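Could you walk me through this protein chain in plain words? I'd like a quick briefing that I can read with the model open beside me.

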Amino acid sequence: MSCGTQGYASRPLLIRASPRLARDGHFLYLSGVRFLSDLLDLLIPRYCAVCHEPLTPTERLVCGRCLLGMPYTRINDLQDNEVTRLFYGRFPIERGYSHIYYGKDAPTHPLLMQLKYGHRPDIGRVMGLLIGLQLRRKGFFEGVDAIVAVPLHWRRQLRRGYNQSAQLAKGLGRATGIPVRKGIARRRVNNTSQTRMNDGSQRRDNVEGIFAARQTGLRHLLLVDDVLTTGATITACADAILLANPDMRFSVLTLTKAH
């Protein structure tokens, strides 16, 4: 074998795909993904979390018709709105936001019930991700050091299997890159559920002193909860954190707001 032949044989064989071949391969890959997605929808149908009708391959969690019919709060001013005004004089609040209105006759009712009681933590994560991407463009998260979900008592969380507010916080963390911090606040009293309490003073009495918190080196926390009614629970949580961190500032985000 000549030196020229040896030199040629020692080089790795390179195959460069043509642009057309690359495009065709990409098309085949996408077609395969779509086929698998359609097959999974056929074998394990996905249903809208609101109306329970089957979802199309392009829909996720909620169908297009229900998305259009959602009672969105349409909050634009993130510093002075119906959420932040609820907490004026209670604790130092920077920004506030609730995504949709909630009521027993509203289309959001089945969505919230599945999140809380229907073993659907994915609803919280997906909604948190979508809300986070939307608000990130508006500067809602500027200066926030950490995201803190309003904690459940450990007994209630063990029974439910997860904290729905923590799932919402996970989605927000994924959208923003802001750390989700556990253990800053804890629910030390397993108080009665506030679902059937309509009176504001009754709700405040029910949550008074139920939280405890530890010191942190942080200055600005985003408190996250699934429902905002009178603000009593969030206020009690913020009060506990302020006892341990007197200079703390807060922003508040909830999936729904009573209307």
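Here is a short tour, going from the overall fold to some single residues.

This is a predicted model, where local features need pLDDT of at least 70, side-chain atom pairs count only at pLDDT 80 or more, and totals for chains, interfaces and linings use all residues. Residues are numbered from 1 along each chain as its sequence is written, and side-chain values use heavy atoms, with hydrogens and water left out.

**The overall fold**

- The protein chain has ten helices and six strands; these are DSSP runs numbered from the N terminus, with helices (H or I) of at least four residues and strands (E) of at least two.
- Of its 259 residues, 46% count as buried (buried is under 20% relative accessible area, exposed is over 50%, and partly exposed is in between, with a 1.4 Å probe and protein chains only).
- Take the contacts between residues at least 6 apart in sequence: 72% of them join residues at least 24 apart (contact means heavy atoms within 4.5 Å).

**The nonpolar core**

- The largest nonpolar core has 64 residues, and those touching the most other members are Phe91, Leu221, Leu222, Ile241, Phe250 and Leu253 (such a core is a set of buried Ala, Val, Leu, Ile, Met, Phe, Trp, Tyr and Cys residues joined through side-chain atoms within 4.5 Å).
- Elements giving two or more residues to this core include strand S1 (93–102), strand S5 (220–228) and strand S6 (249–258), while H10 gives the most, with eight residues.

**Cysteines**

- A search of the whole structure finds zero disulfides (a disulfide is a pair of cysteine sulfur atoms within 2.5 Å).
- Cys51 is in no disulfide, and the nearest cysteine sulfur, that of Cys48, is 3.7 Å away; Cys51 is partly exposed at 22% relative accessibility.
- Cys63 is in no disulfide either, with the sulfur of Cys66 the nearest at 3.5 Å, and Cys63 is buried at 8%.

- Most residues other than glycine have a negative phi.
- Leu61 has a positive phi of about 75 degrees although it is not a glycine; it sits in the loop between helix H2 (19–43) and helix H3 (64–68) and is buried.
- His119, also not a glycine, has a positive phi of about 55 degrees; it sits in the loop between helix H5 (108–117) and helix H6 (121–136) and is exposed at 60%.
- Val189 and His153 are 36 residues apart along the chain, yet their C-alpha atoms are separated by 6.7 Å.
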